[in-house]
Amino acid sequence: MDCDGSSSFYEVLSNSFEDSSNVTPIFFILSPGADPVKEVEALGRKVIQLQINVNYHNVAMGQGQDVVAMAKLDMGHKEGHWIMLQNIHLMPRWCTELEKKLDNFAIEGSHPNFRCFLSADPSNGIPIGILERSIKLTNEPPQGLLANLRRAFAFFNKEDFEERDSKVKSILFGLCHFHGVMLERKKFGPLGYNMMYPFSIGDLRDSASVLYNYLENASSVKVPWDDLRYIFGEIMYGGHIVDDWDRKLCLTYLEFFMHDELLDETELVPFTDPSKLSFLSPAPSSHEKYLEHIELMPVETPQFFGLHPNAEIG
């Protein structure tokens, strides 16, 4: 399933969960910045009324955690709990013990509600038996500004989005576009940034949480643009940035995107003649209308990033 389109990673996980069983783990192959834990926990709240350390146990693998992991697996196997084992690539020798444990569970027969979730960086240390028995998912970075904008917007739940105030919808779309620009600018190498930074969907998620908190009663609140730009540019995304010029670039983008005109319609192609290239933010509307608008994005050029048209050469 393509996660770059209208399906979020949560939706892909939900569909994959239907194919899983008490003997078929779900294995997350991690990409930079990816963290599937929140999606697993959100799914658990829907499926099993998840309660942390009651019917769901999350173990971050590392020194001494092998004993804890085995105990949690035995508990989950017998009582039907969900077990999340993170970063199993850090313990390649123990992974052979994990493989044997899962084989034994399959022979004995686990509780019908038992589910095992595993995550690891790409590694040669993962036993082939674990990979063969698992449903494998990865959240690879999309290629291109359009794909990044699709992915960013799809991250937000449709039902939740529809309930938001029009101000929040407009700012959230602008934030998604900013997120896509920040990620995709990396492809220009030294012309893009002086250093490479691990921006991820987590930065977008946390920025959206700040936005919701600030505009909880949005209809009666003046948008605190200065506060939002500072938090997005100095803390959420800026927290990764160590070069002064890269930080200035981030704040310049936010000055361009985050202002009152975003609440209606405004240009999203920075510092370019709109008669030559234009992509407007849409007026507040439904989730479906925003998805349709995303597909109207013109063919990507370096000008979408405020760069010279020849920036891709060389």
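User: Is Lys-169 buried or exposed?

Analyst: This is a predicted model, in which local features need pLDDT of at least 70 and side-chain atom pairs count only at pLDDT 80 or more, while totals for chains, interfaces and linings use all residues. Residues are numbered from 1 along each chain as its sequence is written, and side-chain values use heavy atoms, with hydrogens and water left out. The relative accessible area of Lys-169 is 10%, and the classes are buried under 20%, exposed over 50% and partly exposed in between, with a 1.4 Å probe and protein chains only. Lys-169 is therefore buried.

User: Which residues does Lys-169 touch, and in which helix does Lys-169 lie?

Analyst: Contact means heavy atoms within 4.5 Å, and residues up to four places away in sequence are not counted for Lys-169. On that basis Lys-169 touches Phe-161, Glu-162, Arg-164, Ser-285 and Tyr-290. Helices here are DSSP runs (H or I, at least four residues), as strands are (E, at least two), numbered from the N terminus, and the one that holds Lys-169 is H8.

User: How are H10 and H11 oriented to each other?

Analyst: The axes, which are lines fitted to C-alpha atoms over the stretch in contact, with angles from 0 to 180 degrees between N-to-C directions, come within 9 Å for H10 (residues 225-236) and H11 (residues 244-257) and cross at roughly 150°. Angles under 35 degrees count as roughly parallel, over 145 as roughly antiparallel, 65 to 115 as roughly perpendicular and the rest as oblique. H10 and H11 are therefore roughly antiparallel.

User: Which residues of H10 and H11 make the contact?

Analyst: From H11 the contact takes in Arg-247, Cys-250, Leu-251, Leu-254 and Glu-255. On the side of H10, the residues are Arg-229, Phe-232, Gly-233 and Glu-234.

User: What covers the buried residues of H10?

Analyst: The buried residues of H10 are Trp-225, Leu-228, Arg-229, Ile-231, Phe-232, Gly-233 and Met-236. Their cover includes H8 (166-184), H9 (201-214) and H11.

User: Where is Gln-49 placed, and is Gln-49 buried or exposed?

Analyst: Gln-49 has a positive phi of about 50° although it is not a glycine, and its place is in the loop between helix H2 (37-47) and strand E2 (56-60). With a relative accessible area of 55%, Gln-49 is exposed.
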